Each structure stands twice: as structure tokens, then as C-alpha cells.
Amino acid sequence: MNAAAPNPIGPIAVIGGTGPLGMGLALRWARAGETVILGSRDAGRAQQAAAAIQRAVGGEVNVSGMENAAACAAADILMLTVPFENQASLLKHLKPSITEGSILIDATVPLAASVGGRASRPLGIWQGSAAQQAAELVPKEVSVVAAFHNVSADLLGGDAALDCDVIVCSDDPDAGQLTRDLAAKIPGVRAIDGGKLENARIVEQITALLIGLNIRHKGHAGIRITGLPPQAYR
Ligand SMILES: NC(=O)c1ccc[n+]([C@@H]2O[C@H](COP(=O)([O-])OP(=O)(O)OC[C@H]3O[C@@H](n4cnc5c(N)ncnc54)[C@H](OP(=O)(O)O)[C@@H]3O)[C@@H](O)[C@H]2O)c1
């Protein structure tokens with residue numbers, strides 16, 4: 001069922017939204033009553049993905065599909081969910097379509113798999129992290145936030161509440177807060193302020209460890225941070 005939208009935050013454009021992570025986030029936000037635009041290189045593929053989410057949620061949902069540039073132009077919250085090896089070229093292509101004052105939430109995990117290595121090994125990035133690379137490529141007035149790296153797309157795509165925390169890193173406190181509010185709309189997720197964007201390097205690398213754990217133990221690992229005061233968790 002689509003819940004009535006308590007304090008909707010969107011519209012949210014999910015760029016590269018036809019993959020498992022983009023679809024999973026879109027599904028959860030659509031269920032929470034958010035307006036979501038799925039982006040793809042192919043508008044038809046985006047519309048098919050949006051229709052699949054409409055079927056999964058049922059009832060009245062605000063999900064549509066567009067080509068990535070049109071999706072960027074239609075929203076000022078952009079969720080980037082593409083493979084690391086395509087992140088830079090796609091952002092260069094989309095730069096003219098990203099509106100001033102937008103927030104770009106980046107979930108890109110740089111893995112050695114991008115260069116023929118293992119998915120359980122992180123890839124070193126000159127800028128420090130994929131999120132900092134993204135920050136160099138978007139227009140100046142765009143705030144970049146790093147989040148959702150440690151969430152399992154498989155679990156997001158299901159119906160059950162998740163059992164994980166989302167660490168949110170940004171140099172813009174307001175953009176970080178908005179992203180934590182979005183994360184907290186996913187049942188079972190607690191969002192935590194992880195500090196400056198440079199900390200994304202650490203959060204991104206945790207995913208390589210989680211992938212290794214998933215391979216070793218055949219699961220869908222996530223993380224929980226314990227020991228912080230209650231107000232640290234959103
Ligand atoms: N899967 C997870 O559990 C998970 C969890 C946390 C973080 N992440 C990270 O989130 C990102 C997305 O993960 P995913 O598993 O959803 O990825 P994916 O399925 O490999 O790719 C997502 C989408 O990216 C688009 N894409 C592919 N090649 C492209 C290119 N050359 N140029 C532009 N767009 C391209 C495709 O959309 P179109 O073909 O429709 O354009 C595809 O559906 C990755 O960086 C991953 O490391 C994944």
C-alpha cells in the first residue's frame with residue numbers, strides 16, 4: 001500500500017535508476033509516498049522500470065521514467081546509482097541538465113572489479129572517494145552527499161524492513177540532513193551523520209568488505225553503528 005505522504009521531500013530523480021540499487025531505493029521511497037523519477041539512458045527502459053514499481057507498490061504512486069538528462073532537469077534531488085566506471089562520463093554528460101542548488105546523493109562504490117579485479121577489493125581514487133570525484137564534476141552550486149553505500153539492493157527490492165544503518169557524509173549540513181530524512185523513510189534504516197564528504201572514502205570501502213562477507217557467508221550484510229546517543233540516529 002502507498003502510505004499517505006507525510007512530509008514528502010522529493011521529487012527525487014534516480015539517475016541510472018533501472019539497476020538494483022536505484023530500483024530498490026525508488027521502491028522504498030515510492031512506498032513512503034515520495035515522488036520518484038527513474039532515469040535511464042533509454043526513456044523506454046525507465047518507463048518500464050517505473051511501471052514495475054507502480055505494480056509492486058500498488059495504489060496511487062508518483063513514479064515516472066525519463067531519460068537521465070530530463071530526469072535531472074525535473075528534480076533538484078538527484079540520486080546517482082551507476083557503476084563507478086560510468087560515473088565520471090555520465091556526470092560530464094549530465095552537467096548542463098543539473099539545476100543550480102540541486103543536491104546530488106552519490107552511492108557509487110569504486111571496486112577493483114571496475115578494472116578487472118575483485119568486487120571484494122576497493123579501488124583507490126585520486127580525489128579520495130567516488131563522492132569527491134563526483135563533487136569535482138558537478139556544477140559549483142550543487143551539494144554532494146555520500147550515502148547508501150552499505151545497503152543491500154537485494155533487500156531494498158523486497159518487502160521486509162531492513163536491519164542496517166546508513167552513514168551520510170557531506171560538506172553541506174542541510175543536504176546531509178535532507179539525505180538522512182530520506183534514508184529514515186526506509187523501514188528499519190537508521191541514518192547517521194558521518195561528517196565531511198572526505199569520510200566517504202571509508203564508507204565506500206566498507207562495501208568491499210561487505211561484498212566479501214556476502215560471498216563467504218552467502219548473505220546480505222549491512223552495518224549497525226552502536227554506542228552513540230539516541231539523537232545521533234535519525
Ligand atoms: N547493488 C548493490 O547492492 C549496491 C549497494 C550499494 C551501492 N551500490 C553502488 O550503486 C551503484 C549502482 O549499483 P547497481 O548494482 O544498481 O548497478 P548496475 O545495475 O550495474 O547499474 C545501474 C544502472 O547504471 C546504468 N548504466 C550502466 N552502464 C552505464 C553507462 N555506461 N552510462 C550510463 N549509465 C549506465 C544502467 O541504467 P540504463 O542502462 O537504464 O541507463 C544500470 O541499470 C554502483 O556504483 C554500486 O557500486 C550498489
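**Reading the chain and its ligand**

Modeller: Let us begin with Lys 218, which counts as exposed at 73% relative accessibility. Please keep in mind that this is a predicted model.

Biologist: Where is Lys 218 found?

Modeller: Lys 218 belongs to the segment after α8. Its phi is positive, about 55°, although Lys 218 is not a glycine.

Biologist: Is Phe 148 buried or exposed?

Modeller: Phe 148 counts as buried because its relative accessibility is 2%, and buried means under 20%. Phe 148 lies in the loop between β6 (143-146) and α6 (153-156).

Biologist: What does the peptide bond from Gly 10 to Pro 11 look like?

Modeller: The general idea is that most peptide bonds are trans. The bond from Gly 10 to Pro 11 is cis, with omega near 10°. Pro 11 is located in the segment before β1 (12-15).

Biologist: How many residues apart along the chain are Gly 219 and Ser 152, and what separates their C-alpha atoms?

Modeller: Gly 219 and Ser 152 are 67 residues apart along the chain, and their C-alpha atoms are separated by 9.8 Å.

Biologist: Which polar contact joins the side chain of Thr 207 to another side chain?

Modeller: The idea is to look for N or O atoms within 3.5 Å of each other. The side chains of Thr 207 and Asn 150 are joined by a polar contact of 3.0 Å. Thr 207 is part of helix α8 and counts as buried, with 9% relative accessibility.

Biologist: Where is Ser 102, and is it buried or exposed?

Modeller: Ser 102 is in the loop between α4 and β5 (103-106), and it is buried, with a relative accessible area of 0%. A polar atom of the Ser 102 side chain lies 2.6 Å from the backbone oxygen of Thr 99.

Biologist: How many residues surround the ligand, and which are the closest?

Modeller: The ligand is surrounded by 20 residues, the closest being Thr 18, Ser 40, Arg 41, Arg 45 and Val 82. By type, the residues of the shell divide into 10 nonpolar, 8 polar and 2 charged.

Biologist: Which polar atoms of the protein lie by the oxygen and nitrogen atoms of the ligand?

Modeller: An oxygen atom of the ligand is 3.3 Å from a polar backbone atom of Pro 20. A nitrogen atom of the ligand is 3.0 Å from an N or O atom in the Asn 86 side chain. At Ala 153, a backbone N or O atom lies 3.0 Å from an oxygen atom of the ligand. On its own the ligand has 880 Å² of accessible area, of which the protein covers 75%.

Definitions and conventions: Residues are numbered from 1 along each chain as its sequence is written. This is a predicted model: local features need pLDDT of at least 70, side-chain atom pairs count only at pLDDT 80 or more; totals for chains, interfaces and linings use all residues. Side-chain values use heavy atoms; hydrogens and water are left out. A residue is near a molecule or strand if one of its heavy atoms lies within 4 Å of it. A polar contact is a pair of N or O atoms within 3.5 Å; within protein, one must be able to donate a hydrogen and the other to accept it, and residues adjacent in sequence count only if both atoms are side-chain atoms. Accessible areas come from the Shrake-Rupley method with a 1.4 Å probe; for residues, only the protein chains shown count as cover. Ala, Val, Leu, Ile, Met, Phe, Trp, Tyr, Cys and Pro count as nonpolar, Asp, Glu, Lys and Arg as charged, and the others, Gly among them, as polar. Helices (H or I, at least four residues) and strands (E, at least two) are DSSP runs, numbered from the N terminus. Buried means under 20% relative accessible area, exposed over 50%, partly exposed in between (1.4 Å probe, protein chains only).
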